[in-house]
Amino acid sequence: MKSAIFAGCIPALMTPCKADRTPDFDALVRKGKELIAHGMSAVVYCGSMGDWPLLNDAQRMEGVERLVKAGVPVIVGTGAVNTASAVALSAHAQKVGAQGLMVIPRVLSRGSSVAAQREHFKAILAAAPDLPAVIYNSPHYGFATRADLFFALRAEHPNLIGFKEFGGPADMTYAAEHITSRDDTVTLMVGVDTAVFHGFIYCGATGAITGIGNALPKEVLHLFTLCKAAAKGDVEARARALELESALKVLSSFDEGVDLVLYYKHLMVLKGDAEYTLHFNESDVLSDSQRNYAGSQLALFETWYAEWSKQFGDAKKNAA
């Protein structure tokens, strides 16, 4: 099965809210189309960034279908407490024409059970056999998929073509050493914004799913292009990629915390996307200190990038 959908830079879309704190699907589609126009290869919806635990299944399906109908390539998150819900989301994704699945472990009920997770994964993969899928590994879900389980699933479900690692450099190194380097048909996706360089250079990643890329698509695509070139041995690209990743360090680090959606929606508002002002829960807000910190770090990065890119801004010259 082809894995091209997992070989690019892919923002995990957040769900904008209307004034009544219900999903604003018109704004969701606008943002999805805008990010694709910037050069992103696809979008993810609904992963953690999309607030999947705060939406019902019908809302999640509507968001997916609206994006697909708008011509946006969509990878669908299957996060759920109940396997039946994950299966329904998976089957719907295939039915409406999504292009991939991000298979999320079962949470809360028997979440630490390998046997339960095996059956959960198998049911999701079987419900959409025509969609390429990656397993999403994250410490926040309380379960780590190891190599034996991955390959047992892959033996029965050829649509399982890769692994998205959110756990950071050590976990990404494990995935590369024991899972994705077994053969070149298994894909590794970088799943956390602080580990893009590590994933591409040291682990052979072929794609990245980004949070900060929603707010800074041009700059994140620049980093992505530099990392791809550096992974092929380009000495200058390697140096420039390290500089850019270092400059993005604080903004990217928001991806690692529980307030990631709050931070990235706030950064998008600062960038002019007012429809991301609200959250589904009224009490889900950054403190004044957090907002000031994020704003000052964004301003610092943008000042630095404007000067740096005058010297090193031609990402295309290092394109693969």
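**Rings and charges in a predicted model**

Modeller: Let's start with a charge over a ring: the charged end of K164 sits over the ring of Y136, 3.6 Å from its centre. R182 does likewise over the face of F151, at 4.0 Å from the ring centre.

Colleague: What counts as a charge sitting over a ring?

Modeller: NZ of Lys or CZ of Arg has to be within 6 Å of the ring centre and within 35 degrees of the ring normal. Keep in mind that this is a predicted model, where local features need pLDDT of at least 70 and side-chain atom pairs count only at pLDDT 80 or more, while totals for chains, interfaces and linings use all residues. Numbering runs from 1 along each chain as its sequence is written, and side-chain values use heavy atoms, with hydrogens and water left out.

Colleague: How many aromatic pairs are there?

Modeller: Rings of Phe, Tyr and Trp (its six-membered ring) pair if their centres lie within 6.5 Å; planes under 30 degrees apart are stacked, over 60 edge-to-face, and the rest tilted. Here you get 15 aromatic pairs. F254 and Y263 are stacked, because their ring centres are 3.8 Å apart and their planes at 0°. Ring pairs also link Y136 with W52, Y141 and F166 into a cluster.

Colleague: Are F254 and Y263 buried or exposed?

Modeller: Buried means under 20% relative accessible area, exposed over 50%, and partly exposed in between (1.4 Å probe, protein chains only). Both F254 and Y263 are buried. Across the protein chain, buried residues make up 56% of the 320 residues.
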